[in-house]
Amino acid sequence: MTKPIIEMKNIIKVFPPNVVALDSVSADFMQGEIHAIVGENGAGKSTLMKVLYGLEHANSGEIFFQEVKIENKNAGEAIARGIGMVHQEILLIPEYTVWENIILGEEPTGLFGKIDQHAAREQVKSRIDEFQFNLDPDSKVEDISVAARQKVEILKLLYRNVSVLILDEPTAVLTPQEIPQLFLELRRLAKNGKTILFISHHLEEVLELSDRITVMRKGAKIATVDAANTSKDSLAQMMVGREVLFSSQRIEQIPGEVVFNTENLSFRDANLRIRLENVSLSVRAGEIVGIAGVEGNGQLELVNCMMGMSKPFQGKIVVNNCDLTHAEILERRRFISFVSQDRSKMGASIKDSILDNVRMTHHRLNPKFTHWKGLLLNDVYARKFTAQIEKAFAVVMGSADNEFRSLSGGNQQKVILGRELLLDTPFILLDQPTRGLDVGSIEYVHETILKMRGQNRAILLISADLEELFRIADRILVIFRGKIVADLPVAQTNIEQIGYLMLEGREKINAAKTD
Amino acid sequence: MQRKLISGIAGILIALFIGAIIMIAQGFNPLTTYGALFNYSLIGLFPLATTLRNSVPLILTGLSASVAFASGPVNLGQPGQLLMGALFATIGGLYLDLPPVLMIPLLLLLAMIGGAMWSGLAALMRRWFNMDEFITTLMLNMIADFLTYWAISYPIFDKTAFSPMTPQISTNGWLPVIGEFNTNVIVMLVAFGVIYFVFSRWTAGYEWRITGQNSIFARLGGCKIDKNYVTVMLVTGALAGLAGGLVVMAGPHRFLKGLGANYAWDGVMIAVVANNGLIGTLLYGLFFSSLQTGALGMELITAVPSEFIQVLQAVIVLVVVAGRGTLDILINKTISRRKAREHAT
């Protein structure tokens, strides 16, 4: 580890029209090291790697590879130079075998361009043996596990003789048992002189695997540190930019009557796979109930069933003693305020005006928003209402006629929160309401949620962010493979216990004693 | 709005320029050609009246496509809906005889019912069998084509004629002509005004617009998107049907073979050029009508064949549609480049 193999200097990337994704970032990577790039969502770690790989083009800045200035116009050029990237989503042809997938695009050919199958298979086999990957070159990709598919993706790049491997959140798709195996293989690659850059936001695995760590925040590089000389806490602090608050600031409050509950809610998808199994939960007035879980364990299905987007095959949904299981969406909206996790897909129509986004749902439920018995829109009232949200939720907006997408992410979320909370419903469903927001906006959203709790609303908060749940929830339920596996008051649990439940679906044995 | 106007006018000018190059390459004088073209479509009462009259089916079918596309349904059945509207109005005109005050509105209503019935069929197939209206409306175009051809060849065939056509409808159903101007323009403007008002000011129009942009958001917000879908299909079918009825009532006063011409496909093209904007549809409809109307005059005065107008139309579509996207990208790029420079210093 003497001279850096890659040097990135003052990289600036602005996404049109004006989102600064990388703000003069400089970083260097040594030959044969494992280098982690960490940061929160939207910190710019993926963008930095995409610039290196040629998928995005920087507005300014320079990249040196082995001391030669390079500019990768596309991924093909990057691979030709020896820089390869494995994406989060695995892009292979399921019907093809492992070796066929690996040689695809770089086939050894014989007479008349015919693929030399024997040579191709042997070449792949020798690579598998060289790196001890424990893969059968003849099995079909559709028959092998996700972890093995990831190996195929890595092999695909090794087959093209790359010297630098970029991995985008490689552990996100793996089960906890598969992670050590991947780490072992990555270390072996590094020992063989390959440079490994990997993006992650799991601090523990970053500390375990990497030699050096680059921390990014809001498009800027904060620091590059040796893994040996740092700790999880200091990394977290650099990532978030302040001391991470684990303590909550809520005032104790005795919850009231049960406002919302589900009984044995069960849902099957189109392939008849059970996605929700006997979900029974209740939320009381003035209570925030959190649902923790790794994404994809039934949260989406639960939300869809509650909102009437999917039909459960069994069970009941009740708000204030009204059975809403089979109610139309509009009927549900009299009782449920809903903030979705995806602002642009579910929470707003981003190309329409702020005004048109604000009056959604109100236009059907509140007669003040229309004239002539609901036939004609009342623009005057809608404008007044928009101004009210602008003031009450401290939104920075120009004219209400501007497109919704002209607002920043935080302001978009404030407008959505304003619209939903002013529906004045007894129950509020929040699905990852702070996803992709900056720290200041997150704080604001949390304060607003706590204020709603003070107004005796019943609140269900679905979140993948445990810190968030511990900060504001009163009770945490854990969802695992479509089942609620735990229901714990926040005061009687801790992050480690919930984290274990999320990953394993059951309590750690002797948790209290060994920790 | 301003950006749209600039990119539209710039697009048309560039397209005319490209058209001029094509003409020069073929040895024609572009100035005299364009002069003849617009002389015969815009200068003077009669050319202007003809342009306006010809614009009616273009604008109404364009409006039908614009409203449909902007609200979600991909209704491409304007040609069939136009023919069905024309057929219904013709049948009404052949078998009924009322005073004009009643007759004209009744025939217009029949035309709208004919078009709405045809698009409603596609809507029902979507609701019952989950068949995509993109396919079914196209297929129904063919059926309408042959159904009307059969109708004017056999059951309501004019026995004195030598080619498939119906007898003339009752003169009480003819649209009155004021000076040079046919009143079909008035009917079109009323329809445009109603649709514009509904689309931009009514609660229903609001839900259509939002559904067209983001149907999941609209659904979660409590809009009844299935019901809205059917309504939009019926309304846009009725608009195309009205276009058909007006073609019969303003023009030959009978249904003859090839009546629909290319009106409906040109209308769809106008909707695309106007990016589904209603006012844009009106303006582009008038402009395309002036090109088509002037084409014959151009052919008369110069040696340029009238088919050249089709080339010109195609160039306009390409330049305006491509230019719209390019302009946005250019503007965004300039902003981001400026921002990058700020951060570099």
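The model is predicted, so local features need pLDDT of at least 70 and side-chain atom pairs count only at pLDDT 80 or more, while totals for chains, interfaces and linings use all residues. Residues are numbered from 1 along each chain as its sequence is written, and chains are lettered from A and ligands numbered from 1 in the order in which they are written.

Next comes a sheet of chain A. Helices (H or I, at least four residues) and strands (E, at least two) are DSSP runs, numbered from the N terminus, and two strands pair if DSSP finds at least two bridges between them. In chain A, six strands make an open sheet of mixed pairing, ordered S6-S7-S8-S3-S9-S10. At its edges are strand S6 (83-86) and strand S10 (220-226) of chain A, each pairing on one side only. On average, neighbouring strands of this sheet are turned by 20 degrees against each other, direction ignored. Axes here are lines fitted to C-alpha atoms, for helices over the stretch in contact, and angles run from 0 to 180 degrees between N-to-C directions.

Strand S3 (residues 34-38) and strand S9 (residues 212-217) of chain A pair in the parallel sense over four bridges, and Ala36(A) has Ile213(A) of S9(A) as its bridge partner. S9(A) and S10(A), by contrast, run antiparallel and are joined by six bridges; Arg217(A) is partnered there by Ala220(A) in S10(A). The hairpin of S9(A) and S10(A) has two residues between the strands, and in it Lys218(A) takes a positive phi near 50 degrees.

Helix H5 (residues 146-159) of chain A lies across S6 and strand S7 (164-168), running at about 165 degrees to S6(A). Helix H6 (residues 179-191) of chain A lies across S3, S7 and strand S8 (195-200), at about 145 degrees to S8(A).

H5(A) also packs against helix H4 (residues 117-130) of chain A, at an angle of about 110 degrees and with the axes 10 Å apart. The two are therefore roughly perpendicular (angles under 35 degrees count as roughly parallel, over 145 as roughly antiparallel, 65 to 115 as roughly perpendicular and the rest as oblique). From H4(A), Val124(A), Arg127(A) and Ile128(A) meet Leu155(A), Leu158(A) and Tyr159(A) of H5(A); residues are in contact if their C-beta atoms, placed from the backbone, lie within 7 Å.

In chain B, helix H11 (residues 263-273) and helix H13 (residues 308-344) pack at about 25 degrees, with axes 9 Å apart. H11(B) and H13(B) are therefore roughly parallel. Met269(B), Val272(B) and Val273(B) of H11(B) meet Ile316(B), Val317(B), Val320(B) and Val321(B) of H13(B).

Finally, the contact between the chains takes 33 residues from chain A and 23 residues from chain B. On the side of chain B that touches chain A, H13(B) gives the most, with nine residues.

Technical notes
Contact = placed C-beta atoms within 7 Å.
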